[in-house]
Structure formats: C-alpha cells, structure tokens
Amino acid sequence: MLNQKGFATGILAVIFTVYSVLIFLLFGGALPSFWLGYVCSILLTGLCLAIVWMGFSERKSSFLGLPLAVVASLFLIIQLLGSFVVSILPIQAGLAVEAILIGLMLVCSLGALMGRQVVEVREQEVQEKVFYLQSVASELESLPPLASDAAMRKQLVSLWELVRYSDPMSHSSLAPIERRIEEQTAVLAQQVRSGDWESVTSLCGTLTHLVEERSRKCKLLK
C-alpha cells in the first residue's frame, strides 16, 4: 500500500512538473487569469494527493461506482487542461469556470464520503450479526460431546450445523427472533450440562423451528 501511494505521488509530481513547464512557456504568468488557473491547479493537485494518502482509492469510497481517488484524478486532468483555456479568458469568466469545476468536484467528493459512511455502517451491522451467529454456533458446538448417547449427540450436531450455515445477514425486524434464539441456546446449554435430556430434546426442536423461521424471513427481506 505504501509503495502504491509513493508511486501515485511520483506520477502526480511528474504530471504537475510537465504541466508547469508547458503553461509557463505558453503564457509566462503575464495575465491574472493565468495565476487563477495555476493556483487552482495547485489546490486540486494537493487535494488529489491528500485523497490518495488518506486511502480513498478503494471501492467503498466511490461516486457512481468510481473510487474517490479516480474521480479526483479525472477532475485534476480536466483542471490542468482547462487552465490553459482559463489563462486566456477574462478574469470574471475564469472565476466562473473554476468555481463550477471546483464545486462539482466537492459535490462528488462529499457524495463519495457519504457513500463510504453508509457502507461502513452496513459492514459494522453485518459484523455484529456474524459475531452473534458465531457466538451461538460456538455455544452449540460445545454441547455434543456432553450428550448421553449417539442419538442425542446427532440431534445436537444437526442443530449446530443448522445455525453454523444459516444466513449471516440480518434486519432490524429479526431482532426479536434472534433474541429468542440466543436465550433458548443459553437454556439448552444449561439443560445439557444438568443432564435433563427430555428438556434438551424439546429445546432442540424449538431452536430448530426458530432458526428455520429466521432463515425464511431473511430470504423474504432480500
């Protein structure tokens, strides 16, 4: 990752150096519009560099499917080329062009950042649900070795596998049934350790029904 950032920095430095040489050779800094375009080019180059170093090149920081670093690079290219035109415009027209360009870039950047926040919140929710399922599956995995016979052990293993391979995605409407699964799993573990096998059989049936119902609701919510 550090090598990629260093490479991107080097590319930006080369591009800006070539751009600076060309624009000074053509216009020589004689007009106010030249300095307007050149200063805006410096600002957008710095912003593009900051975006690269802050790690906004991944897909989740995106605008219309393009990573923010790619969006910033496209605007930078437009700015560098457009500054040649801005340099020969009246200062008022140059200001209007630069204001529109920078405004569009800021809107796209904010859109990408907002999208990143939504993705991160969703990922956090998924991680919490995956952790919830893993904790329930882990509790169930510890129970089969405590079973009194092979039939009971098979029943506990089947329940564990049902939870282990169930859909990790979730929804707020599934919270009540997920709480029930967690509560019943705790009761099941207690009954297994106390040797109440009649209650264990009943609880296995209840949990199987709850997990299957949760899976059906998950499919309907997709």
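In this chain, 73% of the contacts with a separation of 6 or more are between residues 24 or more positions apart. Contact here means heavy atoms within 4.5 Å.

Some housekeeping. The model is predicted: local features need pLDDT of at least 70, side-chain atom pairs count only at pLDDT 80 or more, and totals for chains, interfaces and linings use all residues. Residues are numbered from 1 along each chain as its sequence is written, and side-chain values use heavy atoms, with hydrogens and water left out.

Next, the layout. The chain has seven helices and two strands, in the order α-α-β-β-α-α-α-α-α. These are DSSP runs numbered from the N terminus: helices are H or I, at least four residues, and strands are E, at least two.

How much of the chain is buried? Of the 222 residues, 35% are, where buried means under 20% relative accessible area with a 1.4 Å probe, protein chains only.

Now the cores. A nonpolar core is a set of buried Ala, Val, Leu, Ile, Met, Phe, Trp, Tyr and Cys residues joined through side-chain atoms within 4.5 Å. The largest has 24 residues, and Leu140, Leu143, Leu156, Val163, Leu188 and Val200 have the most contacts inside it. Two or more residues each come from α4 (91-141), α5 (150-164), α6 (175-194) and α7 (197-221). The biggest contributor is α7, with seven residues.

Take Leu188: leaving out residues up to four places away in sequence, Leu188 touches Leu140, Leu143, Leu156, Leu159, Val200, Leu203, Cys204 and Leu207. Apart from this core lies another, of 19 residues, including Leu12, Phe16, Tyr19 and Ala69.

Conventions: Buried < 20%, exposed > 50% of the residue type's maximum accessible area, 1.4 Å probe, protein only.
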